[in-house]
Amino acid sequence: MRLRTTAAMLVSALALVLPTAGPSLADDHGDRVLGTLNYRFVNDNDIEENGQIRPADTNTCYVLARTSQDKPAVAVQNNTKSRAHLFGNPNCSGEEVATLRPDGQVNQVRAVSAYFTPVNAEDDGRGDQGRDDEARDDQSRDDQARDDEARDDEARDDQGRGDQGRDDQARDDEARDDQSRDDQSRDDQARDDQGRDDQARDDEARDDQARDDQGRGDQARDDQARDEDEEEDLLDVVFRAIG
């Protein structure tokens, strides 16, 4: 009975000790440890806690324990011998949110993972992964630039076709206007010619009428003269007969 009681007390004591020692043991890599990256984060109960990781190698991505993109680390202190590149996602991808040299510190940050590089490295980025990401970013920017240029060229082509279409339409409208003016001019000329022809015919008809009237007047005067001559001749005959 006493043995069971002693064993239960030992288990209880271990339960109290192990949780406090757990986090450091989880990142304990022996002599290969670069140091400690300390950080503060807000837990699921919205209470700020301290956390740490003890990275073993450079050029490796480490997730900050108990953080996520919804609950990132809000302050980080780099107590390692390497440069720490902080990212807002668990993959150490995309754009860095901060870069800390040894003993460097940053507040008001949103960090989920860290990538470590040697301090004496010429490249301040993430080694091959950083260069690959940079190459992809450059490629993406080049592709975007080409896409933008293609869209600009297409827009200019569409604008050119639109301008050409409007120019063609304007020329067609001008040609139709010119044709309409020519047709109108010919119609006006034809009406003028018809009017002159009608006027000439009217003048000629009036001249003919005048000549006819003149001829009838002359004929009437001639008839009257003959009648007067015949009357005079008749009177002469009568007077000679009487006398």
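The model here is a predicted one, so to speak of local features takes a pLDDT of at least 70 and side-chain atom pairs count only at pLDDT 80 or more, while totals for chains, interfaces and linings use all residues. Residues are numbered from 1 along each chain as its sequence is written, and side-chain values use heavy atoms, with hydrogens and water left out.

Val238 sits in helix H2, residues 127-242; helices (H or I, at least four residues) and strands (E, at least two) are DSSP runs numbered from the N terminus. With a relative accessible area of 36%, Val238 is partly exposed (buried is under 20%, exposed over 50%, partly exposed in between; 1.4 Å probe, protein chains only).

As for the overall layout, the protein has two helices and eight strands, running α-β-β-β-β-β-β-β-β-α along the sequence. Of its 243 residues, 19% are buried. The protein exposes about 17500 Å², and carbon and sulfur atoms supply 47% of that.

One disulfide turns up in a search of the whole structure (cysteine sulfur atoms within 2.5 Å). The bond links Cys61 and Cys92, S to S 2.0 Å. Cys61 belongs to strand S3 (61-63) and Cys92 to the loop between strands S5 (83-87) and S6 (98-100), so the pair ties together parts 31 residues apart in sequence. The S-S torsion is about 85 degrees, which means that the disulfide is right-handed. Cys61 is partly exposed at 30%, whereas Cys92 is buried at 0%.

The whole structure also holds two aromatic pairs (ring centres of Phe, Tyr and Trp, by its six-membered ring, within 6.5 Å; planes under 30 degrees apart are stacked, over 60 edge-to-face, the rest tilted). Tyr39 and Phe41 have centres 6.1 Å apart and planes at 45 degrees, so this pair is tilted. Tyr39 is buried at 3%, and Phe41 is buried at 2%. Tyr62 and Phe116 pair edge-to-face, 5.8 Å centre to centre with 70 degrees between the planes. Tyr62 lies in strand S3 and Phe116 in strand S8 (113-117), so the pair ties together parts 54 residues apart in sequence. Both Tyr62 and Phe116 are buried.

Technical notes
Areas by Shrake-Rupley, 256 points an atom, 1.4 Å probe, with all protein chains shown as cover.
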